[in-house]
Amino acid sequence: MALACPTCQESAAEYLGMADDGRNMMRCTACGHEWVLGAKPVSPRAVSQTTRSRSTGSTSKKSATTSRPPTRSSTSVTGSAGRTAGTRGPVRERERRPLEDVETARARFTATADMVPPERWRIIEALRREFLTDFPHPDEEAGRYRDVYRQAFEADALPYTTPVALKDFANSKVVARPGNMSRFNDEWRALGNVRAAEAFRGVVDHLLRGEDPPAPEDRLTELITSDDAPAMPGFREAMLTRVLCIAEPERFLPILIYTSPAGGKREIARQVFGIELPSPETTSQTIGRLAYWSNDLLVELIGNRFVDLDHARQFLWWVKDHPDLA
């Protein structure tokens, strides 16, 4: 069977070569999306540590299983991933550690607009003028779509938003593509329309208006790294960020992943502005905090040079591989 693209689902994959870790680099000839095929190899040390931790805790886990009532996530047909696409490494274990307060952690996120050299700014500004000549306005359909769902996600309207509208949102490509939604769709089918819609509403309400944890960055981390309510299997970083782009279009760029081989916020910061952001594999910063703060940095870098942030996203995606920035 032909290999399908995880973004557009077309069976139009071509082989680009081998990545440094031995996996295959692929590209979709239909939409241009590039990805790494297969799971990242796990080191023998990581395997031995995982095996040891499982063996020491197996007895207590068995006893807990017999006495604990089942949760919504225990009925999932897809299991517990505990991480998001483009964010590799043992994320869930890292998130369980006590977190430093948000203000202290934010002070350690030291990337700023001052790091961009003047010469690069001149190149970016010239490319911006070229882009605006060909694309002076953002996508009007995206604006209308955003307005409809922004109202639907408000606190007084969300309980009445229909299951059909919620599932359509998850599988729509308007206002950025959330990627392969097969796991979400499997979970939706397993729960049924009514329970799945309730879970969906719980995720959105917690993300936008939750109080525990109080910091929105930490609520995002919780929803990305857990399968337990209020989280929902398959409702991960890309779609969570897409909800933020709908609810707060003046703050959030429709760039849905912090880091990805195809281009996330971290890769765009490097390729466009020459700023290196932390790798999730080597930093103690959580994925939710990295997603929020990298977004805020890119919005600051873009400034008021575009009609809206969707327009800015189009420019960043257009310019990130431009030869003048190589």
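This is a predicted model: local features need pLDDT of at least 70, side-chain atom pairs count only at pLDDT 80 or more; totals for chains, interfaces and linings use all residues.

Core first. I looked up the largest nonpolar core and got 74 residues, with Phe 153, Phe 200, Met 232, Phe 235 and Phe 273 having the most contacts inside it. (A nonpolar core here is a set of buried Ala, Val, Leu, Ile, Met, Phe, Trp, Tyr and Cys residues joined through side-chain atoms within 4.5 Å; buried means under 20% relative accessible area, exposed over 50%, partly exposed in between, with a 1.4 Å probe and protein chains only.) Helix α12, residues 287–302, gives the most to this core, with 9 residues. (Helices are DSSP runs of H or I, at least four residues, and strands are runs of E, at least two, numbered from the N terminus.)

Residues are numbered from 1 along each chain as its sequence is written, and side-chain values use heavy atoms, with hydrogens and water left out.

Rings next. I searched the whole structure and found 20 aromatic pairs. (Rings of Phe, Tyr and Trp, the last by its six-membered ring, pair if their centres lie within 6.5 Å; planes under 30 degrees apart are stacked, over 60 edge-to-face, the rest tilted.) I picked Phe 169 and Phe 200, an edge-to-face pair at 6.4 Å centre to centre with 80° between the planes. Phe 169 is in helix α6 (163–171) and Phe 200 in helix α8 (193–209), so this pair ties together parts 31 residues apart in sequence. Both Phe 169 and Phe 200 are buried.

Phe 200 also pairs with Phe 235: the centres are 4.8 Å apart and the planes at 55°, so I logged that pair as tilted. Phe 235 sits in the loop between α9 (216–225) and α10 (237–247), 35 residues from Phe 200.

Charges over rings: the charged end of Arg 242 sits over Phe 169, 4.3 Å from the ring centre. (The cut-offs are NZ of Lys or CZ of Arg within 6 Å of the ring centre and within 35 degrees of the ring normal.) I also found Lys 320 over the face of Trp 317, at 4.7 Å from the ring centre.

Last, helix α11 (265–273). I found 7 of its 9 residues buried, so this helix is largely enclosed by the rest of the structure. Just after α11, Gly 274 takes a positive phi of about 75°.
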